[in-house]
Amino acid sequence: MGKQPVKLKAVVYALSPFQQKVMPGLWKDLPGKIHHKVSENWISATLLLAPLVGVYTYVQNYQEKEKLEHRY
């Protein structure tokens, strides 16, 4: 059982430095893609953002009360 060499074909992909349209599909219909993602995942987005907004509002309210505490 000797080792036999295996011929491989190599395929090399390269971009030309003069190629201007490297990722045209990424920016194509961007507002539509964002709308689709948001409408598809609105429950997850709400569950993520609601606690963050609540904590931020609570902190702002607490700091405002702390600033006004010396007046009483």
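Lys67 and Glu64 sit 3 residues apart in helix H3 (residues 42-68), so about one helical turn separates them. Their side chains meet in a salt bridge, with an N to O distance of 3.5 Å. That distance falls within the 4 Å cut-off for a salt bridge. Side chains of opposite charge can pair when their charged atoms come close. The count for this predicted model comes to 1 salt bridge. Lys67 is exposed, at 53% relative accessible area. Glu64 is partly exposed, at 39%.

**Overall form**

The protein has 3 helices and 0 strands. Along the sequence the pattern reads α-α-α. The radius of gyration is 28 Å, well over the 11 Å that the globule rule gives for 72 residues, so the protein is more spread out than a compact globule. Along the principal axes, the C-alpha atoms fill a box of roughly 90 × 40 × 30 Å.

How much of the protein is buried? Buried residues make up 0% of the 72 residues. The accessible surface comes to about 8,000 Å². Carbon and sulfur atoms account for 65% of that surface.

One pair of residues gives a sense of the spacing. Val59 and Trp27 are 32 residues apart along the chain, and their C-alpha atoms are separated by 38 Å. Val59 is found in helix H3. Trp27 belongs to a nonpolar patch on the surface.

**The nonpolar patch**

Which residues form the nonpolar patch? They are Met23, Leu26, Trp27, Leu30, Ile34 and Val38. Together they have about 610 Å² of accessible area. Two elements give two or more residues each: helix H1 (24-27) and helix H2 (30-40). H2 gives the most, with 3 residues. Leu26 is a patch member that lies in helix H1. Its relative accessible area is 42%, so Leu26 counts as partly exposed.

**Between H1 and H2**

Asp29 lies in the loop between H1 and H2. Its phi is near 55 degrees, a positive value in a residue other than glycine. Most residues other than glycine have a negative phi. Is Asp29 buried or exposed? Asp29 is exposed, with a relative accessible area of 53%.

**Exposure of selected residues**

The table gathers the residues discussed above.

| Residue | Relative accessible area | Class |
|---|---|---|
| Lys67 | 53% | exposed |
| Asp29 | 53% | exposed |
| Leu26 | 42% | partly exposed |
| Glu64 | 39% | partly exposed |
| Val59 | 36% | partly exposed |

The class follows from the cut-offs: exposed means over 50%, so Lys67 at 53% qualifies. Buried would require under 20%, so Val59 at 36% falls in between.

**Confidence**

The mean pLDDT of the protein is 85. A value of 70 or more is reached by 92% of the residues. Where is confidence lowest, and where is it highest? It is lowest in H1, at a mean of 76, and highest in H3, at 94. Where pLDDT is low, the predicted coordinates should not be read in detail. The salt bridge between Lys67 and Glu64 lies in H3, the helix with the highest mean. Leu26 lies in H1, the helix with the lowest mean.

Methods: Residues numbered from 1 in each chain as written. Predicted model: local features only at pLDDT ≥ 70, side-chain atom pairs only at ≥ 80, totals over all residues. Heavy atoms only, no water. Helix = DSSP H or I, 4+ residues; strand = E, 2+ residues; numbered from the N terminus. Buried < 20%, exposed > 50% of the residue type's maximum accessible area, 1.4 Å probe, protein only. Patch = residues over 30% accessible without salt bridge, like charges linked within 9 Å, V, L, I, M, F, W, Y side chains within 5 Å. Areas by Shrake-Rupley, 256 points an atom, 1.4 Å probe, with all protein chains shown as cover. pLDDT = per-residue confidence, 0-100. Rg over C-alpha atoms; globule rule 2.2 N^0.38 Å.
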